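Here is a short briefing for a first look at this structure. Keep the view open and follow the topics in turn.

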Amino acid sequence: RTLLSALARDVEALGGSAAIACDTAPVAERAFAERAGLGWIGKHTNLIAPGLGSYVFLGEVATSLELEPDPPLRKSCGGCVRCVVACPTGALRGDYTIDATRCISDLTQRTGPIPRALRPLIGDWVWGCDLCQEACPPTVHAPRAATAYAPLDAETRAPSLASLLRLKSGEFKRRYARTAIGWRGAALLRRNAAVAMGNALDRADVAALEEAVAGDPHPLVRGHAAWALGRIGSP
């Protein structure tokens with residue numbers, strides 16, 4: 001938003017009105033970015049920017065200025081299907097479209113229960129998923145600043161599932177308010193931690209899961225913790 005605000009001021013100085021958005025408005029930003037020649041839409045449905053890959057944030061300045069558009073790029077993924085193969089849930093169809101209801105990024109952010117059939121496929125992801133991008137050659141080979149997506153600290157790099165399952169709202173706000181997780185709340189992260197525990201099949205997690213079943217204030221978390229105990233199958 002800092003960069004967009006500076007650009008908006010430049011636009012206004014030229015006599016145009018300007019409004020900015022960055023993942024904060026229902027704008028078809030990937031489609032606009034492709035038409036503007038910033039990149040092409042990959043089979044993982046993310047925009048692939050030349051030299052940057054798909055690990056980019058898209059920002060918009062809506063303006064009344066008349067601007068000459070750049071032509072779209074004439075590029076595609078060709079016969080590459082690495083992202084499609086890498087998707088654990090089969091969300092990517094291979095035709096540049098996605099079944100978002102099967103995407104782990106969507107599943108870990110939706111507010112309701114995660115469908116039972118999809119829970120085992122989520123693995124140990126507790127928020128989002130980058131497997132399709134990690135398999136994408138233009139993204140893999142693009143030089144990126146090491147700090148661009150660096151975790152805030154060691155705890156956020158690899159938090160223990162038990163600590164996430166016990167996470168209270170106050171601690172959640174203190175630790176995650178500045179991150180992309182901050183808008184959803186602690187209960188969803190606890191739910192996701194329970195699913196990850198069920199997939200880890202570690203009997204050392206039984207005590208924490210029993211604690212959640214007995215005492216978590218949210219039925220969503222209690223239900224997923226009970227499912228996890230059933231997956232582990234411990235007496």
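Start with tyrosine 96, which counts as partly exposed because its relative accessibility is 30%. Tyrosine 96 sits in the loop between α3 and α4. Its phi is near 70°, a positive value in a residue other than glycine. Keep in mind that this is a predicted model.

**The chain as a whole**

- The protein chain has 12 helices and 4 strands.
- Its C-alpha trace spans about 70 × 45 × 30 Å along the principal axes.
- The chain holds 235 residues, and 33% of them count as buried.
- Take the contacts in the chain with a separation of 6 or more: residues 24 or more positions apart account for 62% of them.

**Helices α10 and α12**

- Two packed helices are described by the angle between their axes and the distance between the axes.
- Helix α10 covers residues 186-200, and helix α12 covers residues 219-232.
- Their packing angle is about 5°, and their axes are 8 Å apart.
- Angles under 35 degrees count as roughly parallel, so α10 and α12 are roughly parallel to each other.
- On the α10 side, the residues that meet α12 are Ala187, Leu188, Arg190, Arg191, Ala194, Val195, Met197, Gly198 and Asn199.
- On the α12 side, the partners are Leu220, Val221, His224, Ala225, Trp227, Ala228, Arg231 and Ile232.
- By class, the residues of this contact of α10 with α12 are 11 nonpolar, 3 polar and 3 charged.

**Helices α11 and α12**

- Helix α11 runs over residues 206-215 and packs against α12 at an angle of about 145°.
- The axes of α11 and α12 lie 8 Å apart.
- The crossing of α11 and α12 is left-handed.
- From α11, Val206, Leu209, Glu210, Ala212 and Val213 take part in the contact.
- From α12, they meet Arg222, Ala225, Ala226, Ala228, Leu229 and Ile232.
- This contact of α11 with α12 has 9 nonpolar residues, no polar ones and 2 charged ones.

**Nonpolar cores**

- The largest nonpolar core has 32 residues.
- Within it, Leu165, Phe172, Tyr176, Leu189 and Leu209 touch the most other members.
- Six named helices each supply at least two residues of this core: α4 (104-107), α8 (161-165), α9 (169-176), α10, α11 and α12.
- The helix that gives the most is α10, with 8 residues.
- Leucine 189 is in contact with Val126, Trp127, Leu164, Leu167, Phe172, Tyr176 and Ile181, leaving aside its neighbours within four places in sequence.
- Another core, of 5 residues, lies apart from the largest one; Cys83, Ala91, Leu92 and Cys132 are among its members.

- Histidine 224 has its place in helix α12.
- Histidine 224 counts as buried because its relative accessible area is 2%.
- Not counting residues up to four places away in sequence, histidine 224 touches Pro113, Ile114, Arg119, Arg191, Ala194 and Val195.
- Histidine 224 is also one of the α12 residues that meet α10.

**Residues in loops**

- Aspartate 23 is found in the loop between β1 (18-21) and α2.
- Aspartate 23 has a positive phi of about 65°, although it is not a glycine.
- Its relative accessibility is 62%, so aspartate 23 counts as exposed.
- Alanine 36 lies in the loop between α2 (29-35) and β2 (40-41).
- Alanine 36 is partly exposed, with a relative accessible area of 31%.
- Alanine 36 touches Asp70 and Pro71, not counting residues up to four places away in sequence.
- Alanine 36 and proline 72 are 36 residues apart in sequence, and their C-alpha atoms are 5.7 Å apart in space.
- Glutamate 66 lies in the loop between β4 (60-63) and α3 (82-86).
- Glutamate 66 is exposed, with a relative accessible area of 79%.
- Glutamate 66 and glycine 16 are 50 residues apart in sequence and 8.7 Å apart in space, C-alpha to C-alpha.

Conventions:
Residues are numbered from 1 along each chain as its sequence is written. This is a predicted model: local features need pLDDT of at least 70, side-chain atom pairs count only at pLDDT 80 or more; totals for chains, interfaces and linings use all residues. Side-chain values use heavy atoms; hydrogens and water are left out. Axes are lines fitted to C-alpha atoms, for helices over the stretch in contact, and angles run from 0 to 180 degrees between N-to-C directions. Angles under 35 degrees count as roughly parallel, over 145 as roughly antiparallel, 65 to 115 as roughly perpendicular and the rest as oblique. Contact means heavy atoms within 4.5 Å. Ala, Val, Leu, Ile, Met, Phe, Trp, Tyr, Cys and Pro count as nonpolar, Asp, Glu, Lys and Arg as charged, and the others, Gly among them, as polar. A crossing is left-handed if the near helix is turned anticlockwise from the far one by less than a right angle, and right-handed if clockwise. A nonpolar core is a set of buried Ala, Val, Leu, Ile, Met, Phe, Trp, Tyr and Cys residues joined through side-chain atoms within 4.5 Å. Buried means under 20% relative accessible area, exposed over 50%, partly exposed in between (1.4 Å probe, protein chains only).
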